[in-house]
Structures are given as C-alpha cells and as structure tokens.
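These are my notebook entries on one structure. I went through it topic by topic and wrote down what I looked up.

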Amino acid sequence: MSFTYEALPMRVVFGAGSLRQLPEEAERLGLRRLLVLSTPGQRALAEQTAALFGDACAGMFSEARMHVPVEVAEAARAAARDTGADGCLAVGGGSTVGLGKAIALDSGLPVICVPTTYAGSEMTPVWGLTENGRKRTGRDRSVLPRSVVYDPELTVRLPVEVSVTSGFNAVAHAVEALYAPDASPIVSVMAEEAVRSLATALPAVAADPLDIDARTDALRGAWLCGACLGATTMSLHHKLCHILGGTFDLPHAATHTVLLPYVAALNLPAAPAADQSLRRALDTDAVPTRLAHLATALGAPRSLAELGLTEADLAEVVTQAQTQPYANPRPVTAQELRSLLVDALKGSLAG
Ligand code: NAD
C-alpha cells in the first residue's frame with residue numbers, strides 16, 4: 001500500500017443548537033464586520049443568524065443562486081467592499097457557500113459557513129463560477145472556509161425531496177472518494193462511515209423530517225462526505241453531473257441521485273476495495289441496485305428523462321466527457337458511456 005494524504009485545516013463545530021456558538025467562532029477569527037449571505041428563500045434564517053451578531057453584522061446579501069453566476073458573484077463582491085466587510089458568513093446550501101468562496105477568491109476575505117443542506121461544499125477548497133452557460137471550477141486554499149458550524153436543527157425544514165437528493169449528492173462524493181486516484185485509508189474509513197450513516201438516516205428523515213436524531217446522523221454523514229470530496233479527486237460521476245448541470249441545466253442534487261447507480265455499476269467491478277466498503281456500508285451484495293432502490297423508495301426521481309434530458313442530448317454529453325479528461329478507476333469508451341447514459345435516461349435500475 002502507498003498513498004499521500006494531506007489534511008485540510010478545517011474547524012468544525014457540530015451539534016443541535018450549535019448556531020448559538022457562531023459569535024464565538026467569529027471572535028476566534030477576529031471578525032467584526034460580517035456580510036451575511038443566503039439565497040432569497042433563506043433570507044429569514046439569514047436575518048435570524050445575523051441578529052446573533054448585533055453590530056458585528058456589516059450587511060446582508062441574499063441573492064445567492066445555483067452554480068454562482070458571475071454577475072451574482074460580482075454583485076456580492078461589491079456588497080462586501082461597500083459594507084467594509086472583514087469576512088463572510090454563508091448560511092445555506094452549496095449555492096450560498098459557493099458565493100462565499102467566490103468572494104474569498106477575489107478578496108481573500110475569510111468565510112464562516114452554516115450549512116443547511118448535505119451538499120458538502122463547506123469542506124472543500126473547490127470554487128465554481130458560471131459564465132455564458134459554462135461552469136469553471138478550480139481549487140484554491142484561500143476559499144476553504146475557516147470555520148463550519150453544523151446545527152442539525154437548521155435542517156429540519158429542508159423538504160424531504162431535497163433532503164433525499166442532497167443526501168445522495170453527498171453519498172456520490174464518498175463513492176468516488178473510495179476509488180479516487182488519491183484515495184487513502186483515512187479517507188476510505190470516512191467514506192464508508194459516511195455512506196452507512198446517510199443510508200440509515202435518510203429513510204428516517206423521510207419518515208419524520210423533524211426527527212432530530214435522524215437529522216443529526218444525516219448531517220454528520222454529509223460532513224464526512226464533504227471531507228472526502230475535499231480530500232480527493234472526483235471521477236466520471238462528477239464529470240457527467242457537471243456536464244448535465246452546466247450544459248443542460250439539469251438540477252444538481254437530483255442529477256447526482258439518478259446517475260450514481262449507473263456509474264457505480266460501470267466502475268465498481270474495476271474498484272474491488274471500494275465495492276467491498278460500499279457493500280458493508282449498504283449491507284448488500286449489489287451496490288448499484290441498492291443505491292437505485294433506496295433513492296426511489298424515498299421518492300427521488302427515477303430517470304434522467306424525468307429531469308428533462310432527451311435521447312438527442314446524449315451525443316453532446318458523450319462528446320464533452322470524451323474531450324475533457326477526468327480521473328476514473330478504468331478507461332471508458334464512447335460506446336460504454338452512451339450505453340450508461342441510455343440506461344440512466346430510462347431509469348433501468350430504478351426499482
Ligand atoms: P442550494 O444551495 O441551491 O439549495 C437548494 C434550495 O434549498 C435553495 O433554494 C435553498 O434556498 C433551499 N434550502 C437550503 N437549505 C434549506 C433548508 N434547511 N430549509 C429549507 N430550504 C433550504 O443547493 P445545494 O444542493 O445545497 O448546492 C448545490 C450547489 O453547490 C451547486 O452549485 C453545486 O455545484 C455546488 N457544490 C459545490 C461543491 C464544492 O465543493 N465546490 C460541493 C457540492 C456542491
């Protein structure tokens with residue numbers, strides 16, 4: 001066995017009610033003028049959070065949008081300058097965290113995150129910006145949040161449908177971390193535990209969204225999945241989701257949910273250790289069908305067609321995937337890729 005592992009300097013404060021510790025986190029970082037970021041839909045929660053800071057809140061910017069359009073990033077950067085902010089507080093899912101990272105990339109301002117979905121962006125140094133329908137991404141240590149406060153109480157209002165797809169988005173990070181070119185034993189331990197915890201928690205969340213124990217387990221799993229994402233290089237699954245979201249505007253988390261079983265079916269035979277970990281985590285001999293059946297049993301979309309993709313779109317997806325290099329445990333031909341996409345388009349593994 002040989003591997004390289006580099007720990008990211010992450011600080012995590014976790015637990016029901018931990019939102020109240022937020023002012024201490026800002027104080028630790030010496031921040032006195034925070035710009036509070038959110039989506040329009042989470043403005044009320046952002047205001048409630050801002051109230052914890054009193055005078056240390058420099059202002060609010062509540063226009064975060066999926067995939068960080070450059071014009072939104074520019075408006076947020078201007079708000080940070082105009083308010084004299086010395087840091088940002090991102091309250092929300094991956095879109096809001098992504099906006100905080102866009103500000104950090106430009107200005108170096110530190111970001112504190114309060115995640116409210118299971119997307120995991122708060123654990124990674126990966127930024128993204130979308131311009132003219134194309135999303136650019138990159139890794140930069142300066143965008144890695146300085147402190148992350150995970151409070152499961154904030155996730156009880158996350159609708160079940162979003163909880164399930166966001167949870168599978170997280171599971172996809174762990175699956176691809178298990179067979180990443182830079183996988184390592186510590187990441188594999190985190191990934192296996194992360195999948196186990198989400199696979200157990202999501203049905204309980206779907207049965208009772210207010211169940212704080214289930215929400216706690218789901219958020220703990222999502223944190224671990226995000227840490228796996230931050231520590232490794234993603235493969236075919238993330239490449240395809242990036243293309244399907246960027247070029248065809250398919251919804252981010254739902255696309256991850258539908259596609260994952262098909263990529264797992266293609267890749268796991270070439271990644272036996274990852275397959276074994278997932279079999280243990282999911283308590284099954286057939287990981288791809290277990291993933292597909294779990295998602296559909298919890299009400300997730302069953303096929304890419306349901307998300308708006310058509311057969312005519314497949315050639316473009318294949319072309320883009322074949323021309324943009326990505327890591328993968330095995331090489332994939334255009335024919336194999338097309339056949340994977342045809343299956344996902346139809347939902348052939350959905351129970
Ligand atoms: P999102 O942040 O857009 O949130 C989805 C919707 O749910 C929004 O309308 C939001 O207002 C609402 N919402 C969020 N939390 C809620 C809550 N607790 N209660 C009620 N409503 C709530 O979606 P997402 O799936 O969290 O993030 C997706 C984005 O994150 C994509 O752009 C993706 O590319 C990015 N992402 C980046 C990384 C990275 O490492 N850079 C990792 C994962 C995801």
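Predicted model: local features only at pLDDT ≥ 70, side-chain atom pairs only at ≥ 80, totals over all residues.

**Entry 1: His67**

I looked up His67 and found it in the loop between strand S3 (57-61) and helix H3 (70-82). Not counting residues up to four places away in sequence, His67 touches Ser95, Leu129, Thr130, Lys135 and His252. Is His67 buried or exposed? Its relative accessibility is 17%, so His67 counts as buried, the cut-off being under 20%.

**Entry 2: Domains**

I checked how the protein chain is divided, and found domain 1 (11-155) and domain 2 (160-346). Taken over C-alpha atoms, the centres of domain 1 and domain 2 are separated by 25 Å. To the contact, domain 1 gives 22 residues and domain 2 gives 26 residues.

**Entry 3: Thr96**

I found Thr96 in helix H4 (residues 94-107). Thr96 counts as buried, at 0% relative accessibility. I left aside its neighbours within four places in sequence and listed the contacts of Thr96: Leu37, Ser38, Thr39, Ala64, Ala90 and Val91.

I then turned to the nonpolar residues. In soluble globular proteins, nonpolar side chains tend to be buried together. The largest nonpolar core here has 101 residues, and Leu35, Leu240, Leu259, Leu304 and Leu340 touch the most other members. Helix H6 (residues 185-207) supplies the largest share of this core, 10 residues. Domain 1 (11-155) and domain 2 (160-346) each give this core at least three residues. Another core, of 18 residues, lies apart from it, and its members include Leu45, Ala50, Leu89 and Val91.

Which residues is Leu304 in contact with, leaving aside its neighbours within four places in sequence? I listed Leu244, Leu250, Thr255, Val258, Leu259, Leu309, Leu341, Ala344 and Leu345.

**Entry 4: Helix H6**

I followed H6 from end to end. H6 has 23 residues, and from its first C-alpha to its last it reaches 34 Å, close to the 33 Å expected at 1.5 Å a residue. Where in H6 does a kink lie? I found a kink of about 25° at Ala201, shortly before the proline Pro203.

I also listed the buried residues of H6, among them Val187, Met190, Ala191, Glu192, Ser197 and Ala201. The buried residues of H6 pack against helix H5 (160-178), helix H7 (212-231), helix H10 (272-282) and helix H11 (287-297).

**Entry 5: Cys228**

I went on to Cys228, which lies in helix H7. Cys228 counts as buried, with 0% relative accessibility. Leaving aside its neighbours within four places in sequence, I found Cys228 in contact with His173, Ala174, Ala177, Val187, Met190, Ala191 and Met234. I checked one of these pairs by C-alpha atoms: Cys228 and Met190 are 38 residues apart along the chain and separated by 7.0 Å.

**Entry 6: Val317**

I placed Val317 in helix H12 (residues 314-323). Val317 is buried, with a relative accessible area of 0%. Not counting residues up to four places away in sequence, Val317 touches Leu240, Ile243, Leu244, Phe248 and Leu341. From C-alpha to C-alpha, Val317 and Phe248 are 9.1 Å apart in space, and in sequence they are 69 residues apart.

**Entry 7: Arg302**

I found Arg302 in the loop between H11 and H12. Arg302 is partly exposed, with a relative accessible area of 38%. Its contacts, leaving aside neighbours within four places in sequence, are Val258, Tyr262, Thr296, Gly347, Ala350 and Gly351. I also noted Ala292, which is 10 residues from Arg302 in sequence and 8.1 Å away in space, C-alpha to C-alpha.

**Entry 8: Aromatic rings**

Why is the pair of Phe14 and Tyr150 called tilted? The ring centres are 5.9 Å apart and the planes stand at 45°, so the pair is tilted. The pair links distant parts of the chain, with Phe14 in strand S1 (residues 12-14) and Tyr150 in strand S8 (residues 147-150), 136 residues apart. Phe14 is partly exposed, at a relative accessible area of 31%, whereas Tyr150 counts as buried, at 0% relative accessibility.

Methods. Residues numbered from 1 in each chain as written. Heavy atoms only, no water. Phe/Tyr/Trp six-rings, centres within 6.5 Å; stacked < 30°, edge-to-face > 60°. Helix = DSSP H or I, 4+ residues; strand = E, 2+ residues; numbered from the N terminus. Buried < 20%, exposed > 50% of the residue type's maximum accessible area, 1.4 Å probe, protein only. Core = buried A, V, L, I, M, F, W, Y, C linked by side-chain atoms within 4.5 Å. Domains from an automatic or database assignment. Contact = heavy atoms within 4.5 Å. Expected span 1.5 Å × (residues − 1). Bend = angle between axes of the 7 residues up to and from the residue.
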